[in-house]
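Hi everyone, thanks for coming. I'd like to walk you through a structure that may be new to you, so please take a look at it on the screen.

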Amino acid sequence: LHLEASDQLSDMLFYRKLVSAACILLAAKISSDLKKQDVKHLIDKLEERFRISRRELISFEFIILVALEMALYLPESKVLPHYRRLVQQQQV
């Protein structure tokens, strides 16, 4: 039982790393005009930092897009309340 819990935790941490790295990659691609070489460099860094393979990262990038229903841009009305809350928290 303990081994199963350990395996589950390990799997969960692995998927968190994949999700994090894929989101960073998507954000970089969308928010800037990266050249092909810059994307390759970023992927290299993500592989190194998160200890994941390029193949896993690229396949998970698509999974994240599907999960987000390809809606990568949110309207201001969805973002502004969160932004205001963060600004207020910093001022306290």
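Let's start at E61, which touches A22, L25, L26 and K29, leaving aside residues up to four places away in sequence. E61 sits in helix 3. Is it buried or exposed? E61 has a relative accessible area of 8%, and the cut-off for buried is under 20%, so E61 counts as buried. Please keep in mind that everything here comes from a predicted model.

Now let me step back to the whole chain. The protein has four helices and zero strands, and reading along the sequence gives the pattern α-α-α-α. Of the 92 residues in the protein, 18% are buried. If we take contacts between residues at least 6 apart in sequence, 62% of them join residues at least 24 apart.

So where do the buried nonpolar residues gather? In soluble globular proteins, nonpolar side chains tend to be buried together. Here, the largest nonpolar core has 16 residues, and those with the most contacts inside it are A21, L25, L46, I52 and L57. Helix 1, helix 2 and helix 3 are the elements that each give two or more residues to this core. Which of them gives the largest share? That is helix 1, with six residues.

Not counting residues up to four places away in sequence, L57 touches L18, A21, A22, L25, I43, L46 and I52.

Helix 2 covers residues 36–50 and helix 3 covers residues 54–67. Their axes are 10 Å apart, and the helices pack at an angle of about 110°. That angle makes helix 2 roughly perpendicular to helix 3, because 65 to 115 degrees counts as roughly perpendicular. The crossing of the two is right-handed. On the helix 2 side, the residues in contact are K40, I43, D44, L46 and E47, and they meet R54, L57 and I58 in helix 3. What kinds of residue make up this contact? Four are nonpolar, four are charged and none are polar.

One last stop: L34, in the loop between helix 1 and helix 2. L34 has 33% relative accessibility, so it counts as partly exposed. Again leaving out residues up to four places away in sequence, L34 touches A28, K29, V39 and L42.

Methods. Residues are numbered from 1 along each chain as its sequence is written. This is a predicted model: local features need pLDDT of at least 70, side-chain atom pairs count only at pLDDT 80 or more; totals for chains, interfaces and linings use all residues. Side-chain values use heavy atoms; hydrogens and water are left out. Axes are lines fitted to C-alpha atoms, for helices over the stretch in contact, and angles run from 0 to 180 degrees between N-to-C directions. Angles under 35 degrees count as roughly parallel, over 145 as roughly antiparallel, 65 to 115 as roughly perpendicular and the rest as oblique. A crossing is left-handed if the near helix is turned anticlockwise from the far one by less than a right angle, and right-handed if clockwise. Contact means heavy atoms within 4.5 Å. Ala, Val, Leu, Ile, Met, Phe, Trp, Tyr, Cys and Pro count as nonpolar, Asp, Glu, Lys and Arg as charged, and the others, Gly among them, as polar. A nonpolar core is a set of buried Ala, Val, Leu, Ile, Met, Phe, Trp, Tyr and Cys residues joined through side-chain atoms within 4.5 Å. Buried means under 20% relative accessible area, exposed over 50%, partly exposed in between (1.4 Å probe, protein chains only).
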